[in-house]
Amino acid sequence: MKKKLVGGLILSLIFASCKSEKMEKINTAPIAEKQPQKLEKHGDIRVDDYFWMRLSDAQKNASEKDTQTQKVYDYLNAENSYFESVMGYTKDFQGTLFEEMKGRIKEDDESVPYKKNGYYYITRYEKGQQYPIYARKKESLEAQEEIMFDVNKEAEGHDYFQLGGLSVSPNNKLAAFATDTVSRRQYFIRVKNLETGEIYADKIENTTGGAVWANDNKTFFYTKKDPVTLRSAQIFKHVLGTDAKEDVLVFEEKDETFSAFVTKTKSRKYLVIGSYSTVSTEYQVLEADNPDGTFRVIQPRERDLEYDIAHYNDHFYIKTNKDGATNFKLMKTPENKTTKENWEDVIPHREDTLLEDFSIFKNYLVLEERNNGLFKIRIKRWDGKEDYYLPFEEETYSAGVYANPDFDTEVIRYSYNSMTTPSSVVDFNMKDQSKEIKKEQEVLGGKFDKNNYTSKRIWVTARDGKKVALSIVHRKDTKIDENTPVLQYAYGSYGYTISDGFSTTRLSLLDRGFIFALAHIRGSQYLGREWYDDGKMLHKKNTFNDFIDCSKYLIDNGYTSPKHLYAMGGSAGGLLMGAIVNMNPELYNGIIAAVPFVDVISTMIDDSIPLTTGEYDEWGNPNDKEYYDYIKSYSPYDQVVAKKYPNMLVTTGLHDSQVQYWEPAKWVAKLRDVKTDTNLLFLHTNMEAGHGGASGRFDALKETAREYTFLLALEEKLEK
């Protein structure tokens, strides 16, 4: 294993004028061909030199590649080869890091069994295997195991394999399941007889993967995607033994800003079709005993009216923002009178508390809330005799309520972990308030001791006076000064909140002296719905400013310096990375941008690209000049200019359906053409995967090892 000089050697080679072999490799970075394409909107002309990199699915899937397709493949492969040539000296260390992270995982692991409709269901892994085994036991955990699916066998012969949408019929005899072998999230639905093992001839393509059974055990409903935009738009009904071409279209979502899905209430009484956009929802229900009936609307859609439903006894319970309930409230309405004028308050709106979700049991209502950024679980008896919160004592933590499919139970199952505490699965008795830890995450390898680590939450004052939470974790023996490496992470879009959770892979950085800092920036719902609203549309720049202000805080308060500060984000968090390196590149030594959404203006103008129309209420519709100008002002690809940028590793997947591969590919090509520094710039494309990366659990670890090695090389910490 090479000592720590290696990372420094690369960097010194870059700045030196020597003509060594490594220097020659650095100078052989792929230079993408320019084919200027004029793009005009609202009288504004943009020139995209790399528009030619965009391929259709048909071009990618063709048995023989046309000239353009081959040119794109050649470029992506050349970038991969460039990464391997420059970073090849780290190959052994990547392997060491992979084995280190793999060594912390209990390979022959299994989930805590949960009971549903008379069966205990278990997901388990066998040592050395990439994929899970789905099994069940009838009535008792002592019963003989029935293997439903061994995904390792199913995945044989595939570079990528994902099994999803596992749905067992009410009589427990059949299972609908879905497979994706491309990583475009376009699933085939099949049906397996769990008693005989027979796979039926029924096969439905281009679905979201989920199937919802009616109570007759022969009819199920599913969602199909638009083949071009991949919008979930149509709900079909399928009867076993019939040709999928004969399936009945029961609902089509024609509004291109909405998507649709189908599910079933926990009470099992109703089938539910949901339609949703960023700011509006609509639900329809049908008795599950009557699959040939007609769905009826709960409350017709209205702009800025959001609601979710659950069924209990003779009422629907509704989480909604009705009447200005920004942080949502809980209401109820009779089954036969469901429009909003009939809704009554159950849990009123609170200015300081976000109602994230709720679960209904026979005797209890369970509320998932967020107050001052911290997740809370509230237990309330229907008869009003008790109303209390579960106690969580750490300053930063992550908790979550499981699906809890059993309705008539006193026990709720939840998970808990923190930045220093591995995950636990807990069964809590809501009647006597006792708890049983069903499983604690094992961290193998013999080196982990939670007492060696510490975490805390810091409040950073942003430039407009808002307080932004910054959660940090590090080893207690880490020396904190201007030479301390810090990895700052965030997402900051779609109202998605990243909680302060535990990571076994992150230990590989912490044990090498890194601080990990998670910034709870605007665009999430960490501080309620307004925190989200203040980080989207025409307020999107608050997301970037918050992250930068957290970076400046870390530097100004002696946690690190620009020579040792790193930033990482993926997807919309990759957009964040693109924005901050345009705005304040001098703050960071290195950036990891995973599947980054960086060509925002071009993507949001093109409604043929998957997911575009449903995003208008997140980013704005650039067909409106006000939004066009605002998006263009921060769109990373459009804002690249001739200046110095940090060292950067950009990753993507050829089959990504959420952020098309050509966005990061074009971005890297443009950066390499105009940037004025000699810092490292890499594009790494997984040619077999999509947005989520590799499908196997060990292959995913190899991707993490590659990313961490990039950071550790820059820090000259490639020794164990």
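This is a predicted model: local features need pLDDT of at least 70, side-chain atom pairs count only at pLDDT 80 or more; totals for chains, interfaces and linings use all residues.
Me: Why is D638 called buried?
Reply: D638 has a relative accessibility of 19%. Buried means under 20%. So D638 counts as buried.

Me: How do you know that D638 forms a salt bridge with R46?
Reply: The closest N and O atoms of D638 and R46 are 3.1 Å apart. A salt bridge needs a side-chain nitrogen of Lys or Arg within 4 Å of a carboxyl oxygen of Asp or Glu. Therefore the pair D638 and R46 qualifies, at 3.1 Å.

Me: What makes this pair a tie between parts that are 592 residues apart in sequence?
Reply: D638 lies in the loop between α13 (625-634) and β36 (647-653). R46 lies in strand β2 (residues 44-48).

Me: Is R46 buried or exposed?
Reply: R46 is buried. Its relative accessible area is 11%, and the cut-off for buried is under 20%.

Me: How many salt bridges does a search of the whole structure find?
Reply: The search finds 48.

Me: Why is D150 said to have no salt bridge?
Reply: The nearest side chain of opposite charge is K153, 4.5 Å away. A salt bridge must be within 4 Å. So D150 has none, and yet D150 is buried.

Me: Where is D150, and which residues does D150 touch?
Reply: D150 is in strand β6 (residues 146-150). D150 touches P132 and I133, not counting residues up to four places away in sequence.

Me: What makes K91 and E84 a salt bridge?
Reply: Their side chains meet at 3.3 Å, N to O. The limit is within 4 Å, so the pair K91 and E84 counts.

Me: Why are K91 and E84 called partly exposed?
Reply: K91 has a relative accessible area of 47%. E84 stands at 30%. Buried is under 20% and exposed is over 50%, with partly exposed in between. So K91 is partly exposed, and E84 is partly exposed.

Me: How do you know that E302 and K340 meet in a salt bridge?
Reply: Their side chains are 2.9 Å apart, N to O. With a limit of within 4 Å, E302 and K340 therefore qualify. E302 lies in the loop between β17 (296-297) and β18, and K340 in the loop between β20 and β21. So the pair ties together parts that are 38 residues apart in sequence.

Me: Are E302 and K340 buried, exposed or partly exposed?
Reply: E302 has 30% relative accessibility and counts as partly exposed. K340, at 27%, counts as partly exposed.

Me: Why is Q525 called buried?
Reply: Q525 has a relative accessible area of 14%. Buried is under 20%, so Q525 is buried. Q525 sits in the loop between β33 (515-520) and α8 (529-533). Leaving aside neighbours within four places in sequence, Q525 is in contact with L354, R370, G495, T497 and Y532.

Me: What makes strand β15 largely enclosed by the rest of the structure?
Reply: Strand β15 covers residues 270-276. Six of its seven residues are buried, so the strand is largely enclosed.

Me: How do you know that β15 pairs with β14 and with β16?
Reply: Two strands pair if DSSP finds at least two bridges between them. β14 (residues 259-264) and β15 have six bridges. β15 and β16 (residues 281-287) have seven. So both count as pairs, each in the antiparallel sense. F261 stands opposite G274 in β15, and V272 stands opposite V285 in β16.

Me: How many residues separate the strands of these hairpins?
Reply: β14 and β15 have five residues between them. R268 in that turn has a positive phi of about 70°. β15 and β16 have four residues between them.

Me: Why are β18 and β21 called edge strands?
Reply: Four strands form an open sheet in the order β18-β19-β20-β21, with antiparallel pairing. β18 (307-312) and β21 (344-347) each pair on one side only. The twist averages 35° from one strand to the next.

Me: What makes β20 and β21 a pair?
Reply: Strand β20 (residues 329-334) and β21 share three bridges, in the antiparallel sense. At least two are needed, so β20 and β21 pair. K332 stands opposite E344 in β21.

Notes
Residues are numbered from 1 along each chain as its sequence is written. Side-chain values use heavy atoms; hydrogens and water are left out. Axes are lines fitted to C-alpha atoms, for helices over the stretch in contact, and angles run from 0 to 180 degrees between N-to-C directions. Buried means under 20% relative accessible area, exposed over 50%, partly exposed in between (1.4 Å probe, protein chains only). Lys and Arg count as positive and Asp and Glu as negative; His and the chain ends are not counted. Contact means heavy atoms within 4.5 Å.
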